[in-house]
Amino acid sequence: MSLTRRGLLTVTGATGMAMIAGCGRPEDGPGTGELVTSELPLPPRFQVELPLPPVARPTRVSATADHYTVTQRATEIEIIPGTRTGIWGFDGVFPGPTFRGRSGREMVVTVRNELPVPTSTHLHGGVTPAESDGFPTDLILPAGYSPPPPDHHGAGGRHHDTSRDYRYPLNQPAATLWYHDHRMDFTGPQVWRGLAGMFLVTDAHEESLPLPRDDRDLPLMICDRAFEADGSFRYPAHGGAAMPGAFGDVILVNGAPWPRAEVAAVRYRLRLVNGSNARRYRLRLERGALTRIGSDTGLLAAPAPCEDVLLAPGERADVIADFTGLAAGTEVTLRNTIGAGPADAVMRFVVTGPAADDSRIPERLGDVEVLHRGLAVTERQFDFRFGAGRWQINNVPYDPAGSLCAPRLGTVELWRFTSDFHHPVHVHMAHFQVLSRGARGPEPADAGWKDTVDVRPYETVQVLVRFAGYRGRYMLHCHNLEHEDMAMMANFDVL
Ligand SMILES: [Cu+2]
């Protein structure tokens, strides 16, 4: 099945990709993908109230770890007002429950699979032991499935069961992470159906900062979807229009279409997560100031005021939105300046009026070590390119049993990413800093420690990767989920 899908890109598909990826400046545009158009009339924008996902509660707290259980279930929810949408959700909600972890405190999450398909859960941005990293073939089988006899479980230690304990040591600083399905060949459709949620890590240093908190600290997972006439999700058939990437024509925030949120005329912290399969966003507030305070995997050294925030699939941005001084009733739309038609906006804030605000943005947010090129013990190139009828890395399709390189634990390497189209490149476990983008230095969106970088058509991005954490088999891949599902992934072994 997967081989058939991987061989199917047509000339028409390639032309469509080129049209989307090739106009204007290379960083412009929503990325590599084709629009999936909804069959139902699009709902009016800015009507639905912004929902906040439930916060996961531990089922058991031991001396050494907090234990959680979450069940992947099929259910029906209302996304487009007046219709029902069948989803696959962690605990039957979309996005899934928000996990709140603490740096240095182990979290054990038992994931039970009551869906009709196998799953694998990846904590994106997590510094996680390999056996808990959500390797695409480390499957959790559907609960109705009868496993083969024990000697069929394989000698490789990749055991299959209907539930799995993921162990997250969280030996990493405060950051906005997220989790999502990572099943081999089916990540795109399974995330589209709802298997994703947010995962916030905090630490004592972050808590000591006077940043906005509690109901002024908003996790916002942004993604796009399309809908059938009956309200169900519309996703392209395998081998069809999804090949360059699937764009929806409805923008969801926390699962609601173009929602609105009432805010006081004060500062808010927005945890922006691009959970889309393929769509990039350039986010801009119509009024009020935006200040970037955090990257994918932690706080920046210092706050950086910004006009807008570019987010490729998988990337996060931690920003402060300042509505101070805006009159009651002011509407502030969060625009997407590279989105066409209904995708040109994401959500709307409506100012209720003044309120007390004891938050501020400190001049220093933390100590962030800056990696230098001289630290790199070796250089490697990873070429993200379409060839032989599929998306692949270094001209080879993904092989779960293979490995492209073997960096040593504790070292830093220079990795050079090159590309033909838009490819958001994600490295598991090992975090990195962007050294250069083409002939230029890093851009604002490249600042700080990262796990995902937006690589644009015919661009070379150099990053310094530090292999801190654990030995074992990990992967890097394109986070355009349709590219990922077609073989644009590779393993590396940390020795
Ligand atoms: Cu890609």
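Predicted model: local features only at pLDDT ≥ 70, side-chain atom pairs only at ≥ 80, totals over all residues.
Colleague: How many bridges join strand S5 to S10, and in which sense do they run?

Modeller: Two strands count as paired if DSSP finds at least two bridges between them, and strands themselves are DSSP runs (E, at least two residues; numbered from the N terminus). Here strand S5 (residues 96-102) and S10 run parallel, joined by five bridges. Residues are numbered from 1 along each chain as its sequence is written.

Colleague: Which strand is joined to S10 by six bridges?

Modeller: That is strand S9 (residues 175-181), and these two run antiparallel. Leu177 stands opposite Phe199 in S10.

Colleague: How many residues of strand S10 are buried?

Modeller: A residue is buried if 20 or more other C-beta atoms, placed from the backbone, lie within 10 Å of its own, exposed if 12 or fewer, and partly exposed in between. Six of the seven residues of strand S10 (residues 196-202) are buried, so this strand is largely enclosed by the rest of the structure.

Colleague: What is the strand order in the open sheet of five strands?

Modeller: The order is S16-S24-S23-S18-S21, with mixed pairing. Strand S16 (260-263) and strand S21 (309-311) are at the edges with a single partner strand each, so one side of each has no neighbour in the sheet. Inside the order, S18 (residues 281-285) and S23 (residues 331-336) pair in the antiparallel sense over three bridges, and Leu285 stands opposite Leu334 in S23.

Colleague: Which residues touch the most other members of the largest nonpolar core?

Modeller: In soluble globular proteins, nonpolar side chains tend to be buried together. A nonpolar core is a set of buried Ala, Val, Leu, Ile, Met, Phe, Trp, Tyr and Cys residues joined through C-beta atoms within 7 Å. Of the 86 residues in this one, Met221, Ile222, Leu272, Val309, Val319 and Val346 touch the most other members. Strand S11 (residues 217-227) gives the largest share, six residues. A second, separate core of 36 residues includes Leu414 and Met429.

Colleague: Where is the cis peptide bond?

Modeller: The cis bond joins Phe94 and Pro95, with omega about -5°. Pro95 lies in the loop between strand S4 (85-90) and S5.

Colleague: Is Asp214 buried or exposed?

Modeller: Asp214 counts as exposed, because it has 6 C-beta neighbours inside 10 Å.

Conventions:
Helix = DSSP H or I, 4+ residues; strand = E, 2+ residues; numbered from the N terminus.
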